[in-house]
Amino acid sequence: METTLGQNLGDTHHDHGPASGIGRWLFTTNHKDIGTLYLWFSLLMFLTGGTMALLIRAELFQPGLQLVQPEFFNQMTTMHGLIMVFGAVMPAFVGLANWLVPMMIGAPDMALPRMNNWSFWILPFAFAMMISTLFMEGGAPNFGWTFYAPLSTTYAPPSVTFFIFAVHMMGISSIMGAINVIATILNLRAPGMTMMKLPLFVWSWLITAFLLIAVMPVLAGVVTMMLMDIHFGTSFFNAAGGGDPVLFQHVFWFFGHPEVYIMILPAFGIISEIIPTFARKRLFGYASMVYAIASIAILSFLVWAHHMFTVGLPLAGELFFMFATMLIAVPTGVKVFNWVATMFRGSLTFETPMLFALAFVVLFTIGGFSGLMLAIAPADFQYHDTYFVVAHFHYVLVPGAIFSIMAATYFWLPKWTGHMINERMGKIHFWLSFVGVNITFFPMHFVGLAGMPRRIPDYALQFADFNSVASVGAFIFGFSQLLFLYNVIACIRGGARATDRVWEGAHGLEWTLPSPAPYHSFSQPPVVK
């Protein structure tokens, strides 16, 4: 039966909207179209947030104020964080879930296709509103992406109300997306696909979706309390009226800590699909990987106050949050061990997706170790609000979340488009990104330990050398992403024809290798043992 790859991918096309033009994208209920929309939107936000990061790094290239005013610098740090978290990383993972989950479990589409369409189209309006605050009277929010009260309530610019509305819209989008993922995985699996036969990417997203449903209402609650304090005379976070600014931090971080795991768990799933493929081996310890992801998710609810060691917690509270945080290192270590064991004595090749996956394992582990340092309460008193913290979470999020998204794109794009990527350009993009990331964020550990505070547009002379190095690295990393953009567009428009077994090469590689049973409905029917 001769069919092209494009026809294979079109087999599950159930589009209830107009078939062509802009109407196709506005009204589509097809999971692949919606996944594509999410991924393009994410890329646009990634480039927008990245441009803001380059503005920040340009200002910090040397001491003294040269490019922007401190007020605008604060607006950039705020918008950069919010756009990268809610606009770049999270929609990218939702886009990958839309594309891959139905195909991996043998479902014809997502369970709730119309809601799927709506959950995407809310996002462009939310971010248009958030970015438009830059042009409003008083300027954009300037209080950091964590928007601590009373800085974000009593002293905020008028645009904070639009910011609150935008956050609500993003939260609604995330909750709808999560409900859709759960409904799809629990109800639409192919016959015979038990839960412990799910590909690990599907498992990681199922657990992530439960996290989203649990914590997004908490974010909605805290921004609603802010709204009340600003406009309706309440005093949730205003000490003068009997409130408590520290209450804001508790509620925010009860959302915010699981949120950082929402940004990394799908990455664990992606890496667990890619490494076995290029090691030509089954994943080592499938069941333990599932339990490790679930353990990390549960523990993520018990550690929120490690962001707050300096607010004056009782000693018992500090000890509890310190030990609970250290405990998360155990399931995380299990995952890293399993990835390494999968590669051990495997028949490895180093195509672009594998390079990004390897960089993920190494650099994410470095980020984990610095996180372990920050977990130690007395040490955290020294590290808190310094560039060491910035180095830590960027080592987790850039080589963690963003590298895994790039790895996934390089890995699955040939299956999505029917064309091979330009492998040489992919490798150049990888090495520039790898070098750029390390030149940018590694020196931040040193200036942080030496006491340089974060979110400050000017600094003492002794920090100048490392800052100029970091800024050069940021521009290397930033501009190398244009290669990625070019490579993706070139792959979509044409290139070498992809075969049914994309990464086969000379090594006899089965496309459907990663997780326990080769049930992926990409191009071969399920193998019945």
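Predicted model: local features only at pLDDT ≥ 70, side-chain atom pairs only at ≥ 80, totals over all residues.

Biologist: How many helices and strands does the protein chain have?

Modeller: The protein chain has 16 helices and zero strands; these are DSSP runs numbered from the N terminus (helices: H or I, at least four residues; strands: E, at least two).

Biologist: What makes the protein chain as compact as a globular protein of that length?

Modeller: Its radius of gyration is 23 Å, close to the 24 Å that the globule rule gives for 529 residues, so the chain is as compact as a globular protein of that length. The radius is taken over C-alpha atoms, and the rule is 2.2 Å times the number of residues to the power 0.38. Along the principal axes, the C-alpha trace spans about 75 × 45 × 45 Å.

Biologist: Why is Pro-141 called buried?

Modeller: Buried means under 20% relative accessible area, exposed over 50%, and partly exposed in between (1.4 Å probe, protein chains only). Pro-141 has a relative accessible area of 0%, so it is buried. Its place is in the loop between α5 and α6. Not counting residues up to four places away in sequence, Pro-141 touches several residues, including Asn-74, Thr-133 and Phe-163; contact means heavy atoms within 4.5 Å.

Biologist: And Asn-142, buried or exposed?

Modeller: Asn-142 has a relative accessible area of 18%, so it counts as buried. Its side chain makes a polar contact with the side chain of Glu-71 at 2.6 Å. The term asks for a pair of N or O atoms within 3.5 Å; within protein, one must be able to donate a hydrogen and the other to accept it, and residues adjacent in sequence count only if both atoms are side-chain atoms.

Biologist: Which side chain makes a polar contact with that of Thr-325?

Modeller: That is the side chain of His-306, at 2.8 Å. Thr-325 is found in helix α11 (residues 315-343) and is buried, with a relative accessible area of 11%.

Biologist: Why is the pair of Arg-454 and Asp-385 called a salt bridge?

Modeller: A salt bridge is a side-chain nitrogen of Lys or Arg within 4 Å of a carboxyl oxygen of Asp or Glu. The closest N and O atoms of Arg-454 and Asp-385 are 3.8 Å apart, so the pair is a salt bridge. The pair links distant parts of the chain, 69 residues apart. Arg-454 is buried at 15%, whereas Asp-385 is partly exposed at 37%.

Biologist: How many salt bridges does the structure hold?

Modeller: It holds three. One of them joins Asp-33 to Arg-24 at 2.7 Å, and Glu-423 forms another with Lys-427 at 3.2 Å. Being four residues apart in helix α15, Glu-423 and Lys-427 are separated by about one helical turn.

Biologist: What makes the nonpolar surface patch?

Modeller: Met-228, Phe-232, Phe-236 and Leu-247 make a patch of about 360 Å². Patches take residues with over 30% relative accessible area and no salt bridge, joining like charges within 9 Å and nonpolar side chains (Val, Leu, Ile, Met, Phe, Trp, Tyr) within 5 Å. Leu-247 is partly exposed, with a relative accessible area of 32%.

How values were computed:
Residues numbered from 1 in each chain as written. Heavy atoms only, no water. Areas by Shrake-Rupley, 256 points an atom, 1.4 Å probe, with all protein chains shown as cover.
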